[in-house]
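Me: Please take a close look at a single part of this model. Then place that part within its surroundings.

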Amino acid sequence: MPGPLRAFAEHQPATPIVDTLRSLLPDQPMGSSGVVAAGWLGGAVVVAPPIAALLFRRRTRS
């Protein structure tokens with residue numbers, strides 16, 4: 001597996017998000033998965049809008 005893909009596979013966002021939800025629903029302690037999930041979600045909120053704006057501008061130019 002190439003290096004960047006391997007890094008993403010080892011640190012992908014789905015597991016901490018699901019672990020956080022599983023611990024919050026029955027009111028169990030979540031450990032560090034909540035911090036990791038918040039980091040992934042916060043990163044997506046910071047990175048996605050500029051990429052979406054760039055792609056939108058490229059596709060709507062006449």
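Reply: Buried means under 20% relative accessible area, exposed means over 50%, and partly exposed lies in between (1.4 Å probe, protein chains only). The model is predicted: local features need pLDDT of at least 70, side-chain atom pairs count only at pLDDT 80 or more, and totals for chains, interfaces and linings use all residues. Numbering runs from 1 along each chain as its sequence is written, and side-chain values use heavy atoms, without hydrogens or water.

The part I take is helix α3, residues 33-60. Helices are DSSP runs (H or I, at least four residues), strands likewise (E, at least two), numbered from the N terminus. α3 has 28 residues. From the first C-alpha to the last it reaches 40 Å. That is close to the 40 Å expected at 1.5 Å a residue (1.5 Å times one less than the number of residues).

α3 also bends. The bend is about 25 degrees and sits at alanine 48 (the angle between axes fitted to the seven residues ending there and the seven starting there). A proline follows within four residues: proline 49.

Now the buried side of the helix. The buried residues of α3 are Ser33, Gly34 and Ala37. Their cover includes α2. Across the chain, 10% of the 62 residues count as buried.

One of the residues of α2 (residues 14-24) is serine 23. Serine 23 is itself buried, because its relative accessible area is 8%. Its contacts (heavy atoms within 4.5 Å), leaving aside neighbours within four places in sequence, are Gln28, Pro29 and Met30.

Between α2 and α3 runs a loop, and aspartate 27 lies in it. Aspartate 27 is exposed, because its relative accessibility is 70%. Its phi is near 60 degrees. That is a positive value in a residue other than glycine. Most residues other than glycine have a negative phi.

(Rings of Phe, Tyr and Trp, the last by its six-membered ring, pair if their centres lie within 6.5 Å; planes under 30 degrees apart are stacked, over 60 edge-to-face, the rest tilted.) The partners are phenylalanine 8 and tryptophan 40. Their ring centres are 6.0 Å apart and their planes stand at 90 degrees, so the pair is edge-to-face.

Tryptophan 40 is partly exposed, because its relative accessibility is 31%. Phenylalanine 8 is also partly exposed, because its relative accessible area is 43%.

Ahead of α1 comes methionine 1, in the segment before that helix. Methionine 1 is exposed, because its relative accessible area is 61%. Beyond its neighbours within four places in sequence, methionine 1 contacts Arg6 and Ala9. Its C-alpha is separated by 32 Å from that of arginine 58.

Step back to the whole chain. It has 3 helices and 0 strands. Along the sequence the pattern is α-α-α. The C-alpha atoms fill a box of roughly 55 × 30 × 15 Å, taken along the principal axes.
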